[in-house]
Amino acid sequence: MDFAPSFALIAPELVLGITGLTLVLVAAYGGDKFARLSSIIAAVAFGGAFALVAPAVCAGASGPDTLAFGGLFRADAFAGIAKLMIFAASGATLVIAPRFFEKIGWMKTEFPILILFAALGMSIMVSANDLLTLYMGLELNSLSAYVLAAMLRDDERSAEAGLKYFVLGALASGILLFGMSLIYGFTGTTNFEGIAVAVSGGLNTGMLFGLIFVLAGLAFKISAAPFHMWTPDVYEGAPTPVTMFFASAPKVAAVVLLTRVSMEAFGTQAAAWQQVVIAAALLSIIIGALGAIGQTNIKRLLAYSSINNVGFILIGLAAATASGISALLVYLAIYVVMTIGSFVAVLLMRDADGNQLEGISDLAGLATTRPALAWSLMALMFSLAGIPPLFGFWGKFVVFQAAVQADMLALAAIGIAASVIGAFYYIKIVKVMFFDEAADTIKGEGDRPHWALLLICAAIISPLGYFLTPWLGNLADMAATSLALPA
């Protein structure tokens, strides 16, 4: 077999893997004195991988030419657009992390290495065309993520976050693996195309149980209710740059993987999984909205916001149409920008000594003491709430439009009603910043990378973002079309 075409298709993964292994040697011989240099090299590697993926996305790559290694790996436009989001979010994490870790004296060379291998795992996940590839990518990402969550070994909250994430993550992986074994046992194959053929005549009880277990395992990875219980504690306890990473890149990878499994492997039996996806979507929207209301920690509030947004994203998948998948990708792209911007704003919440502040009460009167930060955070909160004319509104609009086009009027109506509940806690943040008496605790100054990233995110989610809609919609449409859907 000629492996040259396959190696060409996995060029972005090769860049990340080789860079990661090289930095492991650098860390072994040079120690932490090369930590910042390693972050720069890793960020450049993400830029290179991004450049390698972009042409396939713009060309709408699809069909047999995107298959590598005998059908184990698919480098189509659908995987490509997800990789662009993953690499961008990972690179943003490496840009803002050094100041945070240097302030607490914990800048380690291991951090960029773990980010590289986590992103490599995610890249494999979104290109998986086989259950074995799926599991390999998922575990590479998960093992890196467990260490990242517990990176601050002297911090009890970080250690607790890592332990909870590991225990519940291992449980979810076990559930997923059991489901995969049932699917293999009853279909006789692990390849998505082979599974699609096997289930085209209908699902027997064993296949159905296998599908449910796989959906449950993946629902944990995207923190969809009722598998969300780990999210607030892990997001609060993990270092803030790591939390930003968890809320963006892995979310994209898991949602895209769930979409590929549902639409490619079980696309002919959509009725079997649509009910599960609809239930998870509605539960996530409601639990995310209600759970955030009483929070006093901004990171926990953003964790529930993440759960809430996953519910809206799943509405696009529930439609089970090409327009629904396109809407899902558009929402994901906007969500990543909003999430990065929100966590950069949280990182700018520092006292006079440069210590990180996380209390919502610390934001009181921020509009009078730090107006630039307050206005940027207000725009991000309103965008997350889906309030027009900010760009976050467009993400909700397209998924609801896809649901209506798929004759799911009730789902769209409930989603719209629940989004009003979610708007409450976003507006609460704005009220604290603009109408409460100034706490004047946020005094620290951010550095240029933080402000540059915040301003870029704020510009994208502003009404200026609507200029991107034709371009983003076209890429999402081509990516959705590239999915190998069963006939």
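Predicted model: local features only at pLDDT ≥ 70, side-chain atom pairs only at ≥ 80, totals over all residues.
Student: How are the rings of Tyr-146 and Tyr-165 arranged?

Tutor: Their centres are 5.2 Å apart and their planes stand at 85°, so this pair is edge-to-face. The cut-off behind that term is an angle over 60 degrees.

Student: Where in the chain do Tyr-146 and Tyr-165 sit?

Tutor: Tyr-146 belongs to helix 6, which covers residues 131–149, and Tyr-165 belongs to helix 7, which covers residues 156–187. The two residues are 19 apart, and their pairing links distant parts of the chain.

Student: Are Tyr-146 and Tyr-165 buried or exposed?

Tutor: Both tyrosines are buried.

Student: What about Phe-220 and Trp-230, what kind of aromatic pair do they form?

Tutor: Phe-220 and Trp-230 make a tilted pair, with 5.2 Å from centre to centre and 35° between the planes. This pair also links distant parts of the chain. Phe-220 is in helix 9 (residues 205–221), while Trp-230 lies in the loop between helix 9 and helix 10 (231–237), 10 residues away.

Student: Why does Phe-220 count as buried?

Tutor: Phe-220 has a relative accessible area of 5%, and buried means under 20%. Trp-230 is buried as well, because its relative accessible area is 4%.

Student: Which residues do ring pairs link into a cluster?

Tutor: The cluster consists of Tyr-146, Tyr-165, Phe-166, Phe-220, Trp-230, Tyr-235, Phe-245 and Phe-246.

Student: Changing topic: how many helices and strands are in the protein chain?

Tutor: The protein chain has 20 helices and two strands.

Student: What share of the 487 residues is buried?

Tutor: Buried residues account for 61% of them. The accessible surface of the chain is about 17,400 Å², and carbon and sulfur atoms contribute 70% of that area.

Student: And what share of contacts joins residues at least 24 apart?

Tutor: Among contacts between residues at least 6 apart in sequence, that share is 81%.

Notes:
Residues numbered from 1 in each chain as written. Heavy atoms only, no water. Phe/Tyr/Trp six-rings, centres within 6.5 Å; stacked < 30°, edge-to-face > 60°. Helix = DSSP H or I, 4+ residues; strand = E, 2+ residues; numbered from the N terminus. Buried < 20%, exposed > 50% of the residue type's maximum accessible area, 1.4 Å probe, protein only. Contact = heavy atoms within 4.5 Å. Areas by Shrake-Rupley, 256 points an atom, 1.4 Å probe, with all protein chains shown as cover.
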